[in-house]
Every structure is written in C-alpha cells, then in structure tokens.
Amino acid sequence: MAFLSSFDIPVSGMTAQQFRLDIIAQNVANADDYATNAEDVYKRQMVVFNEDKSFKRILWTKMGQHEAKRFYYVQLKGVECSRVVEDPTPVTPVYSPNNPLADEYGYVYESNVDVAVEEMDAMEASNMYNANVEVFNLVKAMASSALRIGQG
C-alpha cells in the first residue's frame with residue numbers, strides 16, 4: 001500500500017521538530033554559562049534540516065530516470081536533522097574583575113545564547129510540530145476513508 005508511505009512525511013517532521021525543541025532546551029539551560037576564555041564557554045547550537053534520502057531515492061538517482069520510473073512514487077520521505085552546528089555569533093566579554101573565572105584583564109566570557117531568540121524558536125518549532133500533527137491526522141482520515149470504500 002503505497003499511500004501508507006504518506007505517513008513518513010509528517011512523522012519525520014514531528015521527529016525533527018522534537019529534536020529541535022530538545023536543542024533549544026539545551027541552549028536555554030546553558031544561557032547563563034560563562035568561562036575564562038571564549039573557546040571554553042557554551043555556544044548556541046542550531047539544527048540543520050535536510051531532505052531524508054532513502055535507499056529508494058538514491059537507487060532512483062543512480063539508475064537514471066528511464067529505468068527507475070517505478071520507484072518515483074516513494075522518492076519523498078520527509079525531513080531529517082542532518083547535523084547540529086554552533087552559532088557563529090561571537091561570545092560577549094563582560095568586565096567582572098571579582099569573578100573567580102576572570103582572566104588577567106578582569107573579563108569573563110558569556111554564552112551567545114539569547115533566551116528571547118530561543119523562546120521564538122521554540123514557539124516556531126512547536127507550531128511546526130502541531131502543523132505536522134494536523135497533516136498526519138488528515139492523512140489518517142484519508143486512509144480510513146479509502147479503506148471504508150469497499151465496505152459499501
């Protein structure tokens with residue numbers, strides 16, 4: 001049943017957004033981190049999404065379009081989290097000579113995590129998760145209706 005592969009797209013979207021929310025929670029938990037030098041302080045993490053390239057998609061690409069037309073209906077599998085990268089925004093030096101982690105000039109380095117940005121990203125990820133839930137429910141309703149056609 002080829003239509004059951006339609007569930008892969010919203011399910012992969014929900015999984016990807018859940019992972020994104022986990023990374024956002026990790027960023028918020030480390031927002032108040034500071035260190036003696038810029039290399040040791042926590043840096044904001046961001047998720048990079050990519051198209052899920054299944055085996056059949058790779059096979060379809062390698063075989064060429066003429067031979068592999070029968071695999072065309074399964075080429076879309078959804079989204080995947082390809083990697084987690086550090087935000088290139090520089091960390092902030094803060095003058096705090098009484099801090100035990102201050103360097104010889106009296107500076108400590110704060111994390112580049114902005115909690116307000118993380119809150120907006122969390123709201124976006126939550127909305128995208130809910131949108132994928134709605135798509136999943138619509139596909140489920142269509143599949144259920146298709147299975148009832150023969151019960152006439």
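The protein chain contains three helices and five strands, taken as DSSP runs numbered from the N terminus (helices: H or I, at least four residues; strands: E, at least two). This is a predicted model, in which local features need pLDDT of at least 70, side-chain atom pairs count only at pLDDT 80 or more, and totals for chains, interfaces and linings use all residues. Residues are numbered from 1 along each chain as its sequence is written, and side-chain values use heavy atoms, with hydrogens and water left out.

**Chain overall**
- Along the sequence the elements run α-β-β-α-β-β-β-α.
- Among contacts (heavy atoms within 4.5 Å) with a separation of 6 or more, 71% join residues 24 or more positions apart.

**Helix α3**
- Helix α3 covers residues 115-148; its 34 residues should span 50 Å at 1.5 Å a residue, and the end C-alpha atoms, 49 Å apart, agree with this. The expected span is 1.5 Å times one less than the number of residues.
- E118, D121, A125, N132, V139 and A143 are buried in α3.
- The buried residues of α3 pack against α1 (8-29).
- An α-helix has 3.6 residues a turn, so residues three or four places apart point the same way.

**Tyrosine at the surface**
- Y105 lies in the loop between β4 (92-95) and β5 (107-110).
- Y105 counts as exposed because its relative accessibility is 60%.

Technical notes
Buried < 20%, exposed > 50% of the residue type's maximum accessible area, 1.4 Å probe, protein only.
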